[in-house]
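Good morning, colleagues. I would like to take a few minutes to walk through one model, beginning with the chain as a whole and then turning to its packing.

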Amino acid sequence: KQWYQRRVRARWASRFESVRAVKDRQMELIVYLTKLSLTGDKTSRSTADGLLSRVKTLEFTTTLILWEQILTKAYRVSNCIQAKSAELTTVTKALESLYKYLDQIENNWEGILNAAKMQAELAGADKTFKLAVRRNLYCYSGRVRGQNIDEPSKERVFHASVFLP
């Protein structure tokens, strides 16, 4: 049992720490990939260009912010649950708080978006949505196919791709 608890803690910690490291060093990552795309061999330049085209997007930065927030909460709850002195009521409250947090995260879209835009500015990344992710938005719009609907903004399309099944 003790071996399992250490493995679970390490797994959660590594995911949490990895996302936080990418977020904290996004600017360095962009600089390195830019340098590699200009000076590396043909394969390195191609790979760096592909990665750079994604890492610099607001979509990537927003996803990074979202995952950092989710994993931070999950990491704290995981540590609470795995504490040697954890009681059933404490575990239940911790899990309920995680569930409520996940249930309410979509309502905090503006906060996530503002944090992502601030992060993008610090990292030298794009501050507007660029990627055109197309989905069948008719099934989420309440309208039937064939009716005219306004073209959704790239932000709205990204929001739908994150929060809709």
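Predicted model: local features only at pLDDT ≥ 70, side-chain atom pairs only at ≥ 80, totals over all residues.

What percentage of the 165 residues in the chain do buried residues make up? The figure is 28%.

Let me begin with the overall architecture. The chain contains 8 helices and 0 strands, so its elements, read from the N terminus, run α-α-α-α-α-α-α-α. As for the surface, the chain exposes about 11,300 Å², and carbon and sulfur atoms supply 54% of that area. Turning to contacts with a separation of 6 or more, 70% of them in this chain are between residues 24 or more positions apart.

I now come to one helix pair. Helix α2 covers residues 26–39 and helix α3 covers residues 42–55. Their axes come within 8 Å and cross at roughly 145°, and the crossing in which α2 passes α3 is left-handed. On the α2 side, the contact is made by Q26, L29, I30, L33, T34, L36, S37 and L38; on the α3 side, the residues are S44, R45, A48, D49, L51, L52 and V55. Sorted by class, this contact of α2 with α3 comprises 9 nonpolar, 4 polar and 2 charged residues.

The largest nonpolar core has 19 residues. Which of these have the most contacts inside it? They are I30, L58 and F129. The elements giving two or more residues to this core are α2, α3, α4, which spans 58–82, and α6, which spans 109–123. Of the elements, α6 gives the most, with 6 residues.

With its neighbours within four places in sequence set aside, L58 is in contact with L113, A116, K117, A120, D126, K127, T128 and F129. I30, for its part, is also among the α2 residues that make the contact with α3.

Finally, I turn to T72, which is placed in helix α4. Is T72 buried or exposed? T72 counts as buried because its relative accessible area is 11%, and the cut-off for a buried residue is under 20%. Leaving out neighbours within four places in sequence, the residues in contact with T72 are F16 and R20.

That concludes my remarks, and I thank you for your attention.

Definitions and conventions: Residues numbered from 1 in each chain as written. Heavy atoms only, no water. Axes fitted to C-alpha atoms, helices over the stretch in contact; angles between N-to-C directions. Helix = DSSP H or I, 4+ residues; strand = E, 2+ residues; numbered from the N terminus. Left-handed = near helix turned anticlockwise from the far one by under 90°. Contact = heavy atoms within 4.5 Å. Nonpolar A, V, L, I, M, F, W, Y, C, P; charged D, E, K, R; others polar. Core = buried A, V, L, I, M, F, W, Y, C linked by side-chain atoms within 4.5 Å. Buried < 20%, exposed > 50% of the residue type's maximum accessible area, 1.4 Å probe, protein only. Areas by Shrake-Rupley, 256 points an atom, 1.4 Å probe, with all protein chains shown as cover.
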